[in-house]
Structures are given as C-alpha cells and as structure tokens.
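Open the model in your viewer and keep the selection tool ready. The tour moves from one selection to the next.

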Amino acid sequence: MENISLLLEKIRLAKRVYLIGNGGSYANAAHIANDLISVGVKAYILDAATLTAMANDFGYEGVFARWLQTLGEKGDLLIALSGSGTSKNIVAAIAAAEAIGMDTHLVTDYLRTRDMQQSEEDQIVLGHNLMRALKHGPTA
C-alpha cells in the first residue's frame, strides 16, 4: 500500500490537484476528487464530454496532456492513477505536467506485480486515507 505522507504534503502545498486515469482508474480519480473536494481541496478531473471530444479531435494518447497544457500551472499537482503505470496517455500527461512545473505523483502497483483489480482497490483505499488524514489530521 502506498505511503501517503509524501502525497499528503504535495496536496497541502498544491494550488489545485488534477487527477487522471483510464477505465476503473478514471472512475477512481473522480471518486478521489470528490473526497478531496469534501475536505476543501481544489480537485479536478477531465469531464467525460471534454475527454471524448478532445480524444476524437486530437487522439486519445494526448488527451490528458492537452488538458493540463490548457489549465495546469506551476504549483499545481497531478495525481495519475494507473494499474500498469505505462499507458501512453498517462506517461504523456506526467511529462506535460512536469514541463509546466507542476508536481506529479504516479499511483500504481505495477512494479509490485499486483493484479489490476487489487491495484484499483488500493487506489480507493488511498483516496479514503487521504480524505481522513486531511479531515482529521496526520494521526487519523
């Protein structure tokens, strides 16, 4: 399971938090964004209508990168959720965020050889732990 102390510090320092993912990780990104918003964090996901329009017009591999290049700023944080950690659109988004001067954090279990379902379950547990810690302090 992810050590959340570093990620908590990044969230506390960020002006805004952007979350991305594909498939189940996209759904988890939306869930975590809601949890963060509930504790006062400015958290955003790329809405489905804009995501599909941009993917149709410009291609899916750059959809998150293009979104961040339009809205992201230095001092923002990108949290990328990925079961594999290797999706081209996730890798491109991280590179785009870093080029802007955003902080980044990749949440993946790929290197620990977890299966996809466990990886996605771990994402939600991480999100709930972040919400609790932000709501109740570091001892929660």
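This is a predicted model. Select Leu130 first. Setting aside residues up to four places away in sequence, Leu130 touches Ile4, Leu7, Leu8 and Ile11. Leu130 lies in helix α6. Is Leu130 buried or exposed? Its relative accessible area is 2%, under the 20% cut-off, so Leu130 counts as buried. Leu130 and Gly23 are 107 residues apart in sequence, and their C-alpha atoms are 22 Å apart in space.

**Helix pair**

Next, show α2 (residues 24–38) with α6 (residues 116–136). Their axes are 9 Å apart and meet at an angle of about 5°. That angle is under 35 degrees, so α2 is roughly parallel to α6. Colour the contact residues. From α2, pick Gly24, Ser25, Asn28, His31, Ile32, Asp35, Leu36 and Ser38. From α6, pick Glu120, Gln123, Ile124, Gly127, His128, Met131 and Leu134. Which classes make up the contact of α2 with α6? There are 8 polar, 5 nonpolar and 2 charged residues.

**Cores**

Stay on Leu36. Leaving out neighbours within four places in sequence, Leu36 is in contact with Ile11, Val17, Leu19, Val41, Ala43 and Leu134. Nonpolar side chains tend to be buried together in soluble globular proteins. Here, the largest nonpolar core has 20 residues. Which of them touch the most other members? They are Ile11, Val17, Leu19, Leu36 and Ile79. To see where this core draws its residues, display α1 (4–13), β1 (17–20), α2, β3 (77–81) and α6; these elements give two or more residues to it.

**Sheet**

Switch to the strands. The open sheet has 4 strands in the order β2-β1-β3-β4, and the pairing is parallel. Which strands stand at the edges? They are β2 (43–45) and β4 (103–107). Each has a single partner strand, so one side of each has no neighbour in the sheet. From one strand to the next, the twist averages 20°.

β1 and β3 run parallel and are joined by 4 bridges. Pick Val17 again: Leu77 in β3 stands opposite Val17.

Last stop: helix α5 (residues 88–100). Helix α5 lies across β1, β3 and β4. Relative to β3, α5 runs at about 170°.

Conventions. Residues numbered from 1 in each chain as written. Predicted model: local features only at pLDDT ≥ 70, side-chain atom pairs only at ≥ 80, totals over all residues. Heavy atoms only, no water. Axes fitted to C-alpha atoms, helices over the stretch in contact; angles between N-to-C directions. Parallel < 35°, antiparallel > 145°, perpendicular 65-115°, else oblique. Contact = heavy atoms within 4.5 Å. Nonpolar A, V, L, I, M, F, W, Y, C, P; charged D, E, K, R; others polar. Core = buried A, V, L, I, M, F, W, Y, C linked by side-chain atoms within 4.5 Å. Buried < 20%, exposed > 50% of the residue type's maximum accessible area, 1.4 Å probe, protein only. Pairing = 2+ DSSP bridges.
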